[in-house]
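Hello,

Please find the structure below.

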Amino acid sequence: MIKKKPFLQFKHLLFNELKLNDTDSADASLGGLESWNSSSSCCHWDLVICHSRPGSPQVTGLNLSFLVPNLGPAFDQNVAVSSNLLIPLFSIRTLVLLDISSNNIRGEISAPGFANLTRLLHLDMRENSFNSSIPPQLFSLGHLQYLDMSSNSIQGSISSDFRRLKKLTFLSLDENFLHGEIPSEIGNLTELKTLSFRQNKLCGGIPLSVVNLRNLEVLDLSNNSLSKEIPGDIGNLGNMSTLVLSKNQLKGELPVSIRKMGELKTLKLQNNLLSGEIPPWLFELKEMKYLHLGENGLTWNNSVRKTPRCMLAELSLQSCGVSGQIPVWLSNQTGQVPKSLANIYRLLVLDLSNNSFSGSEFPVFEPEGHPAFIDLSAKFSGEIPSTFGENTKVLSLSQNEFFGRLPKNLTNFSLLERLDLHDNKISGEIPSFLSQIPSLRVLSLWNNSFGGSISNDLSNLTNLQILDLSNNNLTGKIPPSFGNVQGMTHNLDVSSVTSDNSFTFPMEVQDFVITDHDFEIIWKKSKRSFSSRNIGVFSFLDLSNNKLCEQIPSSLGNLKSLKSLNISYDLLSGRIPYSFGGLI
């Protein structure tokens, strides 16, 4: 007979903390706990897994994931619950699986409690607020195969006692406050397939013992302070499909042994101190899809001629010293002889910024092409290219030598959110057809040769939050309709802005790290860089250094969310509108 007492005690403690009771089930979901009662068998309850033995069933699993946030309108989504409510569950010694993830449980990890659950194979504690160190009693769970403690506030160091959990195949301690070095004993966990310590405060080198983890498929140590060199024999991990070491302080050259990783699909090493030439053999890895090497001391040998064997979806060589024409060989990945990078299979991100490319030939994508983020800020010349796919959301062609007028087919980019063409030689009037791109949030055209008046139609861009037309030859008056641009009129709630990139991208690009300072404006006579994350907080309007005349429209006082309004160095006259007092 299964004892119901610990289950009902847990329910009672949880309901007390959330000020709920069973009668709330009439107007609020109780996440499955409404089925927990004294009159029915535990094995008939929701969230409970039983192993049926003739005459003696046992509770072997509790799936309590996302339970607290699902408790309906009676519950404040931001409240935390105490880790003490778990105490009754620690008496259910038959548990093999315990999932308490995504519940905002706060407090210490109960050392004696978890030590009781000696049969556990699967323990998921991610996305809570546990704030103690990892108790040593946890390492007595010798049968544990899956342990996820990511996205908490766990402190202290990673204990060498992890070596005792020899059956682990999955270990994630991501997004905590762990410090110190990764213990060499981690190499004893030879059954591991996934090892992830991303976004902590770990230092020292990557232990050489990781090369003992021959079953490892995923290794993510990104966003730490790891230094020294990447272990030279890391390529002996032949099952590795994902190697992510970005945003550390790793130095030295790329280990030659990586070329032996025949299953490698993702290699992210950006934002380190790596040096030397980028080895062409990286493009011989047939399974490679995501290759990020930018923001290092790595350099590209522009004389290399190669026939890649992979079909990349993402390639980042930012600040790698690439110069000259875009190499034709780089796009030879579909079995045919292509004319441009456009033939790279499912290319989603094309970032070639801060290099020394030149010339006037560009990728020619099919209309249904996949790239969502395109940054060709280099030293190109010629007319403005617009042969990109209709799925483009960010198009940055700044700091080139493009000339001529804006092409009408820019309106084909119906999903475009950011158009950045600053620091070119583009002329003609700013066309009214730009108003036909309703998704546009950033329009940066500063430091070009635009002339004529500003079209009233631009005010129809209701989502526009950054408009920079400074340093051109614009004439006429400021359109009063600018005061009605909805993206600049609403006070924005800073507390509602998350750390996620504020531009929206396809699911495949969501984890791609676009540089933190990825758009520039002129502010107080100097260039300022701002993260795209801040587009959810601020808006900017800069019409300075033109030849705009007549009075300042009082309607500009409606733009309550402006962080910066710059209309200096024009030919404006009259009084400063009283409505500007509301902009402070």
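**A sheet of parallel strands**

Strand E18 (residues 273-277) runs parallel to E20, and three bridges join the two. This is a predicted model: local features need pLDDT of at least 70, side-chain atom pairs count only at pLDDT 80 or more, and totals for chains, interfaces and linings use all residues. Residues are numbered from 1 along each chain as its sequence is written, and side-chain values use heavy atoms, with hydrogens and water left out.

Some terms first. Strands (E, at least two residues) and helices (H or I, at least four) are DSSP runs, numbered from the N terminus. Two strands pair if DSSP finds at least two bridges between them.

Look at Ser 275. Its bridge partner in E20 is Gly 297. The whole sheet is open and has three strands, in the order E16-E18-E20, with parallel pairing. Strand E16 (251-252) and strand E20 (297-299) stand at the edges. Each has a single partner strand, so one side of each is left without a neighbour in the sheet. Strands of a sheet pair through backbone hydrogen bonds, either parallel or antiparallel.

**Nonpolar cores**

A nonpolar core is a set of buried Ala, Val, Leu, Ile, Met, Phe, Trp, Tyr and Cys residues joined through side-chain atoms within 4.5 Å. Buried means under 20% relative accessible area, exposed over 50%, and partly exposed in between (1.4 Å probe, protein chains only).

The largest core has 94 residues. Leu 171 and Leu 282 have the most contacts inside it. Helix H1 (5-18) and strand E2 (58-63) are the elements that give two or more residues to this core. H1 gives the most, with five residues. Another core lies apart from it, with 49 residues, among them Leu 352 and Phe 433.

**Two loop residues**

Where is Asn 224? It lies in the loop between strand E13 (218-220) and strand E14 (225-226). Is Asn 224 buried or exposed? At 8% relative accessibility, Asn 224 counts as buried. Its side chain reaches the backbone oxygen of Leu 221 at 3.1 Å. Leaving aside neighbours within four places in sequence, Asn 224 is in contact (heavy atoms within 4.5 Å) with residues including Phe 197, Leu 202 and Lys 247.

Gly 142 sits in the loop between strand E7 (129-130) and strand E8 (146-148). Gly 142 counts as partly exposed, at 30% relative accessibility. Leu 168 is 26 residues from Gly 142 along the chain, and their C-alpha atoms are separated by 8.9 Å.

Best wishes

Key
Polar contact = N/O pair within 3.5 Å; in protein donor to acceptor, adjacent residues only side chain to side chain.
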